[in-house]
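I'd like to walk you through one structure, so let me put it up.

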Amino acid sequence: MKRYFFLAIAAIMALAFTMTSCSDTELENAPYSEPVSNLQYTLSKKNVTITWNAPSGADEVAVYLDNTQKAILPISTTSYTFENIADGEEHVLTVKAIYKSAGRLSEGVSLTVQLESKTKAAFLLPTGVSAYTALPDDDEVAAGEYFQNNFVASDKGQFIHVSDVAGLDIEEYPVIWVMVDRVGIGIGADKLPFTADEQNVLKDFVQKGGNLYLTNHATQLAFGIGRIAFNVTCFGDATGGSHDDIWSVNPILGSGTGTPYNRSEHAIFTGIAQENYNGWAQKTIALLGPGTHEDHNCFWIPADCGQNYGDNGDVNTVPNFEQANTAELLGGWGQVTDYCVGGIIEFKPTDTYKGTVLINGFAAYEWHQDTPANGQPKNVYQNNIEKLTTNAINYLK
């Protein structure tokens with residue numbers, strides 16, 4: 001069943017469509033160069049495939065998303081798929097014909113589209129917990145309140161229990177957020193408030209194509225459901241203390257080396273400022289401001305996994321971990337500029353696990369700061385936490 005539709009669909013000739021790609025700077029717009037014709041689209045969830053008829057005499061076509069060139073294709077290719085188009089915003093999809101022999105570029109033919117998802121997200125409550133307000137930790141309650149206000153209240157989400165999971169229509173509820181963050185919980189998937197049988201229900205959900213967003217101590221469910229063969233190697237559950245610095249995420253792994261892995265343009269970071277904090281040269285994403293910090297990291301450091309991925313300074317450590325686990329490392333600690341940390345990881349679909357498991361185990365991802373510094377009423381970077389969460393859930397929807 002399709003649960004998406006397009007608003008404001010319009011095929012237009014981009015008479016003054018300004019691009020900045022290398023192809024556009026090398027080729028000038030001629031008074032008339034025949035453009036592509038019959039530009040159309042088809043839809044599969046959040047992927048949009050466009051098709052067109054190529055003009056005679058052209059050599060290639062250039063394809064753009066929102067003024068950014070995505071591909072140059074041979075003239076024999078008459079289709080292109082844009083993957084994971086973001087919900088709720090207008091996007092312009094454009095095709096231009098390239099006449100290499102004449103040094104000309106046609107005007108662009110475009111579709112203006114707005115994708116709106118009809119899918120919903122679920123927030124998992126432990127068995128016996130009737131409402132998010134009854135969760136035992138203030139961080140869990142704060143996350144539940146955010147979900148209530150931003151998803152449930154607008155009919156885009158629902159609180160569920162494990163007993164509801166088997167009956168979920170994955171097409172309608174493609175993502176479940178599992179958030180556990182507790183002082184003194186202890187390390188181990190068996191310490192989480194979900195029994196082995198309940199974790200098997202979540203395993204079945206992912207194997208059938210459902211997606212999980214696992215945050216804080218719940219990242220260990222990736223091990224509990226067998227999506228990774230070993231548990232987290234960086235773990236904390238202490239009460240923490242007061243700190244004057246800003247805790248952040250570095251989305252460029254190895255930013256201080258000659259071979260960085262830049263994940264800053266991943267969809268989960270969309271619309272979040274990346275700036276210089278704490279006097280660091282690298283730009284990072286701030287999540288937790290000065291004040292009390294609970295040091296609740298819960299994730300994997302590749303060099304500590306005992307799998308010979310490589311050490312923290314080894315350029316091969318990141319791809320070794322990613323290839324072995326069909327995953328993508330998306331962020332490290334803000335202060336780290338080598339290949340040490342995998343605090344946000346996207347475990348991608350496999351033949352066995354057809355859904356995605358996205359984990360965020362950073363201590364900086366603290367939903368309720370007990371005592372913000374300087375008399376602030378809340379964490380000064382709370383909006384970044386909320387935006388990151390909205391992005392992650394919409395990405396998995």
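Before I point at anything, a word on pairing: two strands pair if DSSP finds at least two bridges between them. And bear in mind that this is a predicted model.

With that in hand, look at strand 11, residues 121-124. Strand 11 runs parallel to strand 12, residues 157-160, and four bridges join the two. If you want a landmark there, Leu 124 sits opposite Ile 160 of strand 12. To get from strand 11 to strand 12, the chain goes through helix 2, residues 138-152, and that β-α-β crossover is right-handed.

Now the other neighbour. Strand 13, residues 175-180, is also parallel to strand 11, with three bridges joining them. Here the facing pair is Ala 122 and Ile 176.

We have an open sheet of 10 strands, in the order 12-11-13-14-26-25-24-17-21-20, and the pairing is mixed. At the edges you find strand 12 and strand 20, residues 275-276, each of them pairing on one side only.

The largest nonpolar core has 85 residues, and the ones touching the most other members are Ile 176, Trp 177 and Trp 300. Apart from that core lies another one of 23 residues, including Ile 50, Phe 82, Ala 97 and Leu 111.

Back to helix 2 for a minute. Its 15 residues reach 19 Å from first C-alpha to last, close to the 21 Å expected at 1.5 Å a residue.

Two single residues before I stop. One is His 293, in strand 22, residues 291-293. Buried means under 20% relative accessible area, so His 293, at 1%, counts as buried. Its side chain reaches the backbone oxygen of Gly 289 at 2.7 Å, and a polar contact of 3.4 Å joins it to the side chain of His 243. Leaving aside neighbours within four places in sequence, the contacts of His 293 include Asp 245, Trp 247, Glu 366 and Gln 369.

The other is Asp 66, in the loop between strand 5 (60-65) and strand 6 (68-74). Asp 66 has a relative accessible area of 32%, so we call it partly exposed. Beyond its neighbours within four places in sequence, Asp 66 is in contact with Glu 90, His 91 and Val 92. With Val 92, the backbone nitrogen lies 2.7 Å from a polar atom of the Asp 66 side chain.

That's my tour, so over to you for questions.

Note on methods. Residues are numbered from 1 along each chain as its sequence is written. This is a predicted model: local features need pLDDT of at least 70, side-chain atom pairs count only at pLDDT 80 or more; totals for chains, interfaces and linings use all residues. Side-chain values use heavy atoms; hydrogens and water are left out. Buried means under 20% relative accessible area, exposed over 50%, partly exposed in between (1.4 Å probe, protein chains only). A crossover is right-handed if, with the strands pointing away from the viewer, the path from the first strand over the helix to the second runs clockwise. A nonpolar core is a set of buried Ala, Val, Leu, Ile, Met, Phe, Trp, Tyr and Cys residues joined through side-chain atoms within 4.5 Å. The expected span of a helix is 1.5 Å times one less than its number of residues. Contact means heavy atoms within 4.5 Å. A polar contact is a pair of N or O atoms within 3.5 Å; within protein, one must be able to donate a hydrogen and the other to accept it, and residues adjacent in sequence count only if both atoms are side-chain atoms.
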